[in-house]
Amino acid sequence: MAKFFNQPRLEISVDTELNRASASVRGIIEFDDLERSLMEQGLEISVKAKLFGDDSRNDDDLNLVTLPFTFTGAQPARATYELFKGMPGSALNEDVPGKDEIVASVTATNNLSNAVVADRKSNVIEFFFRND
């Protein structure tokens, strides 16, 4: 079954003058031999990331979902993925006032069951994002 070989790496860059942010999530996913064989016959495995405010009780869903990165066809046992999303900087301001902590929840699904076959959280980014 697919698994994330390493912890997904979340990076956020902010243009404070324009109050725009860009988030990227990248890492390595590992496929087993059966999945690789099935992908050669049309199985698709999609990786997607969703951004959350990392809180001690419940993580705040920031409603920012990146488009999935899909693997199909002949694949190596380990493959890299990168997901990217641009947004207003205020979209990341989840703790008003205060320092914001953003984490990505990364999942892998296949097109046969749409069930999550692997999931993992990224590193946490801490920053003061503007609310305007």
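1. Buried means a relative accessible area under 20%, exposed means over 50%, and partly exposed lies in between (1.4 Å probe, protein chains only). Phe69 has a relative accessible area of 30% and is therefore partly exposed. Phe71, at 4%, is buried, and Phe31 is buried too.

2. This is a predicted model, in which local features need pLDDT of at least 70, side-chain atom pairs count only at pLDDT 80 or more, and totals for chains, interfaces and linings use all residues. Residues are numbered from 1 along each chain as its sequence is written, and side-chain values use heavy atoms, with hydrogens and water left out.

3. Rings of Phe, Tyr and Trp (its six-membered ring) pair if their centres lie within 6.5 Å; planes under 30 degrees apart count as stacked, over 60 as edge-to-face and the rest as tilted. This rule gives 4 aromatic pairs. In one of them, Phe31 and Phe71, the ring centres are 5.3 Å apart and the planes stand at 70 degrees, so the pair is edge-to-face.

4. Helices (H or I, at least four residues) and strands (E, at least two) are DSSP runs, numbered from the N terminus. Phe31 sits in the loop between β3 (20–30) and α1 (33–40), and Phe71 in strand β6 (residues 69–71), so their pair ties together parts 40 residues apart in sequence.

5. Phe69 and Phe71 make a tilted pair, with 5.1 Å centre to centre and 50 degrees between the planes. Phe31, Phe69 and Phe71 form one aromatic cluster.

6. Ser105 belongs to strand β8 (residues 100–110). Its relative accessibility is 21%, so Ser105 counts as partly exposed.
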